[in-house]
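Dear colleague,

Please find below the sequence and structure that I am handing over to you. My findings follow directly after it.

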Amino acid sequence: MRKKIFSVIMAVATACAANAQSGTNSPYSQYGLGVLSDQSQGFNRGMNGLAIGLRQSNVVNMLNPASYSCVDSLTMIFDVGLSGQVTNFKEGGRKINANNSDFEYAVASFRIMPRMGVSFGIVPFTNVGYSYYSTAKVGNSTTTSTETHSGSGGTHQVYLGVGWNVFKGLSIGVNGSYLWGSYDRTLTISSNDVYVNTVTKNYSASIQSYKVDFGIQYEQPLGKKDIVTLGATYSLGHSLNADPTLTTTNINSQTGVSTSNEQTVYDALSLPHSYAVGISWSHNKQYTVGIDYSLQQWGKLDYPQLNPATGDYRLESGLLSDRHKVTVGGEWVPNWQSRKFYNRVHYRLGASFNTPYFKVNGNDGPKEISVSAGFGIPITNNWNHGSILNISGQWVKASAKDLITENTFRINIGITFNERWFNKWKVN
């Protein structure tokens with residue numbers, strides 16, 4: 001048993017060493033901390049990330065740590081996932097496609113004592129990745145100016161959580177996480193005129209901090225076959241103790257001599273206070289439907305920006321906005337006890353709408369709408385009937401007036417290993 005637990009811990013550690021994160025080519029990842037990950041797992045990606053009010057004994061739901069208390073006492077659950085996506089970028093009459101494929105997450109959960117379960121794993125938190133340029137003529141001359149934008153990086157989250165069933169119906173939980181990562185964003189302004197210098201601005205920061213998330217769930221039976229679950233979470237907002245730096249390099253196009261200037265804004269990055277509530281209804285382990293709402297208070301935070309009038313790199317207000325998100329989703333299992341394969345398949349649907357947490361040139365960034373559908377396919381062997389192959393497809397559209405429109409189609413694949421490690425065998 002110890003060897004098996006150690007093997008799972010080592011697998012998660014290996015994933016950590018790989019700096020797992022979802023890839024992105026979005027130019028919107030140049031704002032704030034980057035593109036935010038939804039942090040969902042294979043079982044709920046087909047429901048578009050529905051999680052706050054979900055309470056199931058055979059999955060790892062890290063988005064509400066109170067759910068760990070219902071994990072089956074006989075099993076060790078281990079869930080890993082990856083994704084591939086195609087994104088179409090559209091601006092005016094121009095279109096371009098970009099592809100990504102990445103390892104997504106690795107999480108695990110098991111019961112440590114009656115009414116108490118634990119979970120640990122690695123999930124992405126933010127992602128930065130883009131590369132594009134624009135060229136324009138200077139006045140009526142033949143001189144052109146080219147701006148080249150590029151960026152990479154992101155932040156990752158390793159967590160350890162515990163969920164406790166306080167009394168019948170009520171559970172609470174907490175995730176404690178180590179948050180780390182970095183971003184590197186570069187803007188280069190060049191010209192075809194040899195008398196015009198090339199200017200490069202490099203924005204960078206390194207993050208090493210913590211994250212704490214609290215959760216609560218309450219189950220209320222409605223008769224013998226129906227259960228309603230209410231859930232809520234709170235994430236602590238705090239400073240990340242990071243010192244973003246702007247390095248400006250000026251290269252003389254004639255002599256090749258360069259000069260540089262560095263400006264640092266100390267303790268300039270923060271996480272917002274975040275809240276979420278959700279409710280789900282389950283009927284006879286056959287139907288499950290639910291709705292989530294979340295609020296991230298980014299609008300109360302300042303963010304470092306170069307002031308073009310003074311040339312100072314400093315904290316500015318009004319660059320970020322509160323982020324609201326609504327998700328609805330559901331799952332249908334025709335008959336989980338049936339011997340027929342297709343009756344034990346999990347069929348899932350979901351949809352979401354969310355507002356941006358950043359502004360572009362003083363205006364709100366793109367709003368997102370997304371829909372998803374997926375399957376949970378049982379994996380059967382001689383000893384186990386609980387493992388599931390989760391496959392889902394998701395379409396996401398991010399758009400705003402006079403900004404780039406993104407259409408992303410994403411395929412998610414995850415495997416939930418549900419092994420009866422803690423089963424006591426009896427020999428007659």
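Strands here are DSSP runs of E with at least two residues, numbered from the N terminus. The model is a predicted one: local features need pLDDT of at least 70, side-chain atom pairs count only at pLDDT 80 or more, and totals for chains, interfaces and linings use all residues. Residues are numbered from 1 along each chain as its sequence is written, and side-chain values use heavy atoms, with hydrogens and water left out.

I begin with one residue. Ser-101 belongs to strand S3 and is exposed, at a relative accessible area of 60% (exposed means over 50%, buried under 20%, partly exposed in between, with a 1.4 Å probe and protein chains only). Apart from neighbours within four places in sequence, Ser-101 is in contact (heavy atoms within 4.5 Å) with Ser-83 and Gly-84. Its C-alpha atom is separated by 9.8 Å from that of Asn-412, a residue 311 residues apart from it along the chain.

Next, the strand pairing, which requires at least two DSSP bridges between two strands. S5 and S6 pair in the antiparallel sense over 22 bridges, and His-156 has Trp-180 in S6 as its bridge partner. These two strands form a hairpin with two residues between them, and Gly-169 in the turn has a positive phi of about 100 degrees. S6 is also joined to S7 by 20 bridges, again antiparallel, with Ser-171 opposite Gln-217 in S7. The hairpin from S6 to S7 passes through six residues.

On a 1 Å grid over the protein atoms alone, a pocket is an open set of points where a 1.4 Å probe fits, with protein on both sides within 12 Å along at least five of seven lines; lining residues have an atom within 4 Å of a point. Grid points are joined across faces, edges and corners, and a volume is the space filled by probe spheres set on the points.

The largest pocket has a volume of about 1600 Å³. Its lining comprises 45 residues, and Pro-27, Gln-30, Tyr-31, Tyr-132 and His-149 lie nearest its centre. S4 contributes the most to this lining, with six residues. By class, the lining has 23 nonpolar, 13 polar and nine charged residues (nonpolar: Ala, Val, Leu, Ile, Met, Phe, Trp, Tyr, Cys and Pro; charged: Asp, Glu, Lys and Arg; polar: the others, Gly among them).

The second largest pocket holds about 1300 Å³ of space. It is lined by 42 residues, with Gln-56, Ser-57, Asn-58, Lys-285 and Trp-336 nearest its centre. That lining divides into 11 nonpolar, 20 polar and 11 charged residues.

Beyond its neighbours within four places in sequence, Trp-298 is in contact with residues including Leu-33, Leu-320 and Tyr-357.

Finally, two loop residues have a positive phi without being glycine. Asp-267 has a phi near 50 degrees; it lies in the loop between S11 and S12 and is partly exposed, at 40% relative accessible area. Asp-402 has a phi near 65 degrees; it lies in the loop between S22 and S23 and is exposed, at 71%.

With kind regards

How values were computed: Helix = DSSP H or I, 4+ residues; strand = E, 2+ residues; numbered from the N terminus.
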